[in-house]
Amino acid sequence: MNAHGKVSPVFDPAAISYVGAIDDVRARHPAALSRATGKIISRLDRHCRAIIERATFVVIATHGSNGADVSPRGDPAGFVRVLDDRHVLLPDRIGNNRFDSMDNIFETGSIGMLFMVPGMAEVLRINGRARITDDAALLAASAVQGRAPKIGVLVEVKEAYLHCAKAINRAGLWDASRQIDRNDLPSYGAMLVDHCEGLTAEESERQGTEMARRGLY
């Protein structure tokens, strides 16, 4: 049953056609223009720095033997610090302590970052090599509310490039008129009760209270 109360057809992934090679994908589309093929740089120029300094939301992608993982990171503008034209520092804040991204970084060291600035439809993408640092002197400048992070992700930039506005514009991400009524969906705690086998509503509420007690920083 779908959201409109209709019975959804049974999906059989073995019954559909698939594209077999990247050359086939490219053949179905116009050739990339030079603005796309020539925009990758191996350092942070003034435009990259300006975006990072204003970004309040970053999506990081990592991968390991268990597959790929993407994770959101958010903080006041400038929370990802530019250390020089080849390195940035992402502070690790209080979270769910699953450490999926950290696990992958220790395994492969590869990371992708997507920087987003509220009100700006273009985004900045960075690909690089990541290491986990506990250097207190380095992390001190990332303190918020008097609390420095225990660890951070130091990223060596291999590729940096701007991404056009089409995706954000199609999503209407910064368009307040397109925001949902949050009451249309269950609360986070209620959804977790459905997701987590054996988790009761009471235990979910208790854990939610504990997470709130731990705070944001």
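## Helix 4 and its buried side

Let's start with helix 4, which runs over residues 100-108: Ser101, Met102, Asn104 and Ile105 are buried there. Looking down the axis of helix 4, you'd find its buried residues within an arc of 165 degrees, so they line one face of the helix. Keep in mind that this is a predicted model.

So what covers that face? Several strands take part, including strand 1 (57-64) and strand 2 (67-74). Strand 5 (110-116), strand 6 (123-133) and strand 7 (152-163) are also among the elements covering the buried residues of helix 4. Just past the end of helix 4 comes Gly109, with a positive phi of about 80 degrees.

## The chain as a whole

Zooming out, the chain has eight helices and seven strands. Its C-alpha atoms fill a box of roughly 55 × 55 × 40 Å, taken along the principal axes. Of the 217 residues in the chain, 26% are buried.

## A nonpolar patch on the surface

Which residues form a nonpolar patch on the surface? They are Phe11, Ile16 and Tyr18, and together they have about 380 Å² of accessible area.

Ile16 sits in the segment before helix 1 (22-27). Is Ile16 buried or partly exposed? Its relative accessibility is 41%, so Ile16 counts as partly exposed, since buried would mean under 20% and exposed over 50%.

## Cysteines without disulfides

How many disulfides does the structure hold? The number is zero. For a disulfide, the two sulfur atoms would have to be within 2.5 Å.

Cys164 is partly exposed, because its relative accessible area is 41%. Another cysteine, Cys196, is partly exposed too, with a relative accessible area of 34%.

Terms used. Residues numbered from 1 in each chain as written. Predicted model: local features only at pLDDT ≥ 70, side-chain atom pairs only at ≥ 80, totals over all residues. Heavy atoms only, no water. Buried < 20%, exposed > 50% of the residue type's maximum accessible area, 1.4 Å probe, protein only. Helix = DSSP H or I, 4+ residues; strand = E, 2+ residues; numbered from the N terminus. Arc of directions from axis to C-beta. Contact = heavy atoms within 4.5 Å. Patch = residues over 30% accessible without salt bridge, like charges linked within 9 Å, V, L, I, M, F, W, Y side chains within 5 Å. Areas by Shrake-Rupley, 256 points an atom, 1.4 Å probe, with all protein chains shown as cover. Salt bridge = Lys/Arg side-chain N within 4 Å of Asp/Glu carboxyl O.
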